[in-house]
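Open the model in your viewer and keep the selection tool ready.

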Amino acid sequence: MSFLRRKKTEAEPPPPPTAVQEEVRAQEYGLRISLVARSSDGLRLPSDQSVAAAIPGIVEPISQTTVETVQPLPLEYSDASPAIERFNEVQQWVLARRDVSPVARHGLYVLEMTDALDMTVDTFHAGLLHGEVDTSGYPDHTAIVGGLASHWDELSGELIVRAVVGWGGKGQRGDTDRIGHKILSSLYQQVLASGFSLGEAEQARLPALNTRSGLSCAHCGFEAGSAGAFYCPKCGMRMIRGA
């Protein structure tokens, strides 16, 4: 009765192995951040508050926006920094710059990140010098922001002024460097043409911020780093010294 027996089912053969694809098509994404800043040599201006008040007017013919004056950081924000990897410092920086316009804030970010500005002593007279801003008011990565940076020489009391420009962010543009150099030269020539210049500054004498001498300005409270300072680097007032 072999025809009544169940036929033995044969196992299905395994599927053929799929071919291994060595190269996989993929979309590549990348972002390169580049910040560039330039600073001229310093020029000496007279020790006069009226001269300091006239500096924004020197930048106005070149600036596309209203020139904004950003004062040095107060003592409570002396550790502020725009570097995002240091949270406490960048938090102080955001609080210290909350009332600054987007154009000046972008300029401060670029110039401080590249060490072209020391905002513990420098006063920054900023404007949009070239390019456009986006819908939120911030300069495009090809726009050039800058102006004049000034501080009071702590020994002579003269006002030291430098031309500073900066640009950058996402991507780069070939002719921005050429335009930035041209604008920097124009700012420098504007200071010379103002009639205030007393000549080039041999060396910008800034206080040694890492070593405190205990000598503080009685007018603004700025702590100088040199015991021999006669003028405050921040406000330009003569230091009150004991007998």
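**Stop one: a pocket**

By class, five nonpolar, four polar and two charged residues line the second largest pocket. Ala, Val, Leu, Ile, Met, Phe, Trp, Tyr, Cys and Pro count as nonpolar, Asp, Glu, Lys and Arg as charged, and the others, Gly among them, as polar. This is a predicted model: local features need pLDDT of at least 70, side-chain atom pairs count only at pLDDT 80 or more, and totals for chains, interfaces and linings use all residues. Residues are numbered from 1 along each chain as its sequence is written, and side-chain values use heavy atoms, without hydrogens and water.

Select Ile-33, Leu-35, His-106, Tyr-109, Tyr-138, Pro-139, Asp-140, His-141, Gly-168, Gly-169 and Lys-170 to see the lining. A pocket is an open set of points on a 1 Å grid over the protein atoms alone, where a 1.4 Å probe fits, with protein on both sides within 12 Å along at least five of seven lines; lining residues have an atom within 4 Å of a point. Which element gives the largest share of this lining? β6 does, with three residues.

**Stop two: α4**

Now select 102–113, which is α4. Helices are DSSP runs (H or I, at least four residues), and strands are too (E, at least two), numbered from the N terminus. Nine of the twelve residues of α4 are buried, so the rest of the structure largely encloses this helix. Buried means under 20% relative accessible area (1.4 Å probe, protein chains only). Among the buried ones are Val-103, His-106 and Leu-111.

**Last stop**

Step just past α4 to Asp-115: its phi is positive, about 65 degrees.

Note on methods
Buried means under 20% relative accessible area, exposed over 50%, partly exposed in between (1.4 Å probe, protein chains only).
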